[in-house]
Amino acid sequence: MDDILITTLLVLSLFALLGSGVWIGLTLTGVAWIGMQLFSPRPAGDAMALTIWGSASSWTLTALPLFVWMGEILFRTRLSEDMFNGLAPWMNRLPGRLLHTNILGCTIFAAVSGSSAATCATVGKMALPELKRRGYPDGIVVGSLAGAGTLGLLIPPSLIMIVYGVTADVSIARLFAAGVFPGLLVAGLLMVYVMVWAALHREQIPAADPGLSLLDKLRASRNLIPVVLLILAVLGSIYTGIATATEAAALGVVGALVLSAAQGSLTWRTFCDSLMGATRLYCMIALILAGAAFLTLSMGYIGLPRHLAEWIGSLGLSPLALLVALMVFYILLGCFLDGISMIVLTMGVVLPIVQGAGIDLLWFGVFLVIVVEMAQITPPVGFNLFVLQGMTGRELPWIARQAAPMFVLMIVALGLIYLVPEIVTWLPQQVMGR
């Protein structure tokens, strides 16, 4: 009964602070302080100072602002536009034609961004006006972009994987390797859906552009070379063991600066804008992580995670039932919080339960990222929906309806990685051993 009362008080405090407009990081810190001050013998101020300093000074976390900055540089220079122009000629003969540039563009940009919102915004900035000009239906254009934009979370380097790796003490390099095939799986499912949709709605798909020769296609694809080289440099340095995730992130920033300067699209203004954009985003993430670390410590002193894990363990749920319950839980949570907040807020409670059920934490990390992807296109707080609303001017419910089939496809992806876990675990084992 005491645990129920304490939990109720803390949850009410959480929603009261969030509802009053307090920043999420400060809200988490405030709830943690209330819990430790009222229900723990340890002084709250001392614990808060030590915990926040420890979380903010983590060396592993330094990869995060660097990957954010790399994505901001690409977002504000011509590299992303050149990538789209290099993809378009190859999509002309596929069912759905240039609709696939949404998906492939997001897949490639996700490999150098790490952010779902940045991926959706960057590719949308290029694709939406062009596809509208060519007469493609708004619904499938927006829906495919909403779904593919979430790949920024799954395909490495992924900001949310770094956050999960830090909070769950799982190798970030192994998480990056584990996300490759599931990311390609989700992209493949989206492309198959677009092909089926196009086959059923042939009259809505514009006629193919005049055919280009192979030489012309290869000439247009020169625009892809810089971005592909940057991807190979960043991920290749991690997987071959040449660099840690932090060192690879620094390499990515330098590479993005060099490439954009070589193309003439790096100005002092874009440099400053990218640096300030990355600083603002990372400060928000760092504040959330610091508050969550203090909340995790507070919960540990009170004993709530252990008691909750024992209670759920007493229910006798199978691993599958537990995963379904967690999926529903995170989707509901995603209606109110962003992905990073969801993970850092719940890891202290969820990890003991998952470990107790014998679920591999590496596999669970990818499972969790896909579920958070689903939350990105779930109203009312689906970040990709907000991005698309700002770019299209459409109502949020309309955008959510267009994204609904993509939500279903991600459930299919979860089912596939559950039935064939090697989709997640095979590449990390081959690249880095067991």
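Helix 3 (residues 44-56) packs against helix 15 (residues 268-302) at an angle of about 130 degrees, and their axes lie 9 Å apart. Axes here are lines fitted to C-alpha atoms, for helices over the stretch in contact, and angles run from 0 to 180 degrees between N-to-C directions. The model is a predicted one, in which local features need pLDDT of at least 70 and side-chain atom pairs count only at pLDDT 80 or more, while totals for chains, interfaces and linings use all residues. Residues are numbered from 1 along each chain as its sequence is written, and side-chain values use heavy atoms, with hydrogens and water left out.

Helix 3 and helix 15 are therefore oblique to each other, given that angles under 35 degrees count as roughly parallel, over 145 as roughly antiparallel, 65 to 115 as roughly perpendicular and the rest as oblique. On the helix 3 side, Ala44, Ala47, Met48, Thr51, Ile52 and Ser55 meet Leu289, Ala290, Ala293, Phe294 and Leu297 of helix 15, where contact means heavy atoms within 4.5 Å.

Stepping back to the whole protein, there are 22 helices and 0 strands; both are DSSP runs numbered from the N terminus (helices H or I, at least four residues; strands E, at least two). Buried residues account for 54% of the 434 residues, with buried meaning under 20% relative accessible area, exposed over 50% and partly exposed in between (1.4 Å probe, protein chains only). Of the contacts with a separation of 6 or more, 79% come from residues 24 or more positions apart.

Helix 13 makes a handy length check. The 15 residues of this helix (residues 225-239) should span 21 Å at 1.5 Å a residue, and the end C-alpha atoms are 20 Å apart, which agrees; the expected span is 1.5 Å times one less than the number of residues. Buried residues in helix 13 include Pro226, Val227, Leu230, Ile231 and Val234. After helix 13 comes Gly241, with a positive phi near 85 degrees.

A positive phi also turns up at Asp169, near 60 degrees, in a residue other than glycine. Asp169 sits in the loop between helix 10 (159-168) and helix 11 (172-200), and counts as exposed because its relative accessibility is 72%.

Lastly, the cysteines. With a disulfide taken as a pair of cysteine sulfur atoms within 2.5 Å, the count comes to 0 disulfides. Cys272 is partly exposed, at a relative accessible area of 26%, and Cys283 is partly exposed too, at 46%.
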